[in-house]
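Welcome! Have a look at the chain below, and then we can walk through its helices, charged pairs and surface together.

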Amino acid sequence: MLEAVLFGYEVAGRLSKGFTPRALSHPNGQISLLAAVAATSRLYGLDAKGLSLAMRIATTALMTPSYTSTAAGGSALNLPAGMSGVVAALAPEMALAGYCAQDDAIEEALVNWWARSLKRQV
């Protein structure tokens, strides 16, 4: 279990290097969600291909809640952190069950959208 937790931290650190959060978006439910899936996938004994698939499946559940929700007194901002746990348990099971995911789902969700939004502003 300790190995899985450390692996999740490693994945979070590596993903964070290439990640630009969406403007006014709280990071709960983004990198942490994928790191939790990585850790759980390690517990399931998934190989690199299975891990990649589980993380790409999980990407469909990424959430980008707004910081303004917290400033306005909203407590719903806690939902993405909780959903990370649900998705961490579900995504490896989905990978093992044969679900499919977009090959570049993670890049599309965490990197490419930023480049497209910058191009639209220019």
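Is glutamate 3 buried or exposed? Glutamate 3 is exposed, as its relative accessible area is 51% and the cut-off for exposed is over 50%. Please keep in mind that this is a predicted model.

## Overall fold

The chain has six helices and zero strands, so its pattern along the sequence reads α-α-α-α-α-α. Of its 122 residues, 38% count as buried.

## Salt bridges

Side chains of opposite charge can pair when their charged atoms come close. Three salt bridges are found in this structure. In one of them, glutamate 3 meets arginine 42, with N and O at 2.7 Å. This pair links distant parts of the chain, since glutamate 3 sits in helix H1 and arginine 42 in helix H2, 39 residues apart. Arginine 42 is partly exposed, at 32% relative accessibility.

Glutamate 10 is partly exposed at 39%, and arginine 14 is exposed at 60%.

Arginine 56 and aspartate 103 also form a salt bridge, with 3.8 Å between the closest N and O atoms. Here, too, distant parts of the chain are linked: arginine 56 belongs to helix H3 and aspartate 103 to the loop between H5 and H6, 47 residues apart. Arginine 56 counts as buried because its relative accessible area is 12%, under the 20% cut-off. Aspartate 103, by contrast, is exposed at 69%.

How do H3 and H5 cross, and at what angle? The axes of helix H3 (residues 48–58) and helix H5 (residues 79–97) come within 8 Å and cross at roughly 125 degrees. That angle falls between the perpendicular range, 65 to 115, and the roughly antiparallel one, over 145, so the two helices are oblique to each other. The crossing of H3 past H5 is right-handed.

Cysteine 100 lies in the loop between H5 and helix H6 (105–121) and is exposed, at 70% relative accessibility. Its C-alpha is 9.0 Å from that of alanine 54, although the two are 46 residues apart in sequence.

## A nonpolar surface patch

Met1, Leu2, Val5, Leu6, Tyr9, Leu43, Tyr44 and Leu96 make a nonpolar surface patch of about 930 Å². Helices H1 (2–17) and H2 (31–44) each supply at least two of its residues, and H1 gives the most, with four. Methionine 1 lies in the segment before H1 and is exposed, with a relative accessible area of 74%.

Definitions and conventions:
Residues numbered from 1 in each chain as written. Predicted model: local features only at pLDDT ≥ 70, side-chain atom pairs only at ≥ 80, totals over all residues. Heavy atoms only, no water. Patch = residues over 30% accessible without salt bridge, like charges linked within 9 Å, V, L, I, M, F, W, Y side chains within 5 Å. Areas by Shrake-Rupley, 256 points an atom, 1.4 Å probe, with all protein chains shown as cover. Salt bridge = Lys/Arg side-chain N within 4 Å of Asp/Glu carboxyl O. Buried < 20%, exposed > 50% of the residue type's maximum accessible area, 1.4 Å probe, protein only. Axes fitted to C-alpha atoms, helices over the stretch in contact; angles between N-to-C directions. Parallel < 35°, antiparallel > 145°, perpendicular 65-115°, else oblique. Left-handed = near helix turned anticlockwise from the far one by under 90°.
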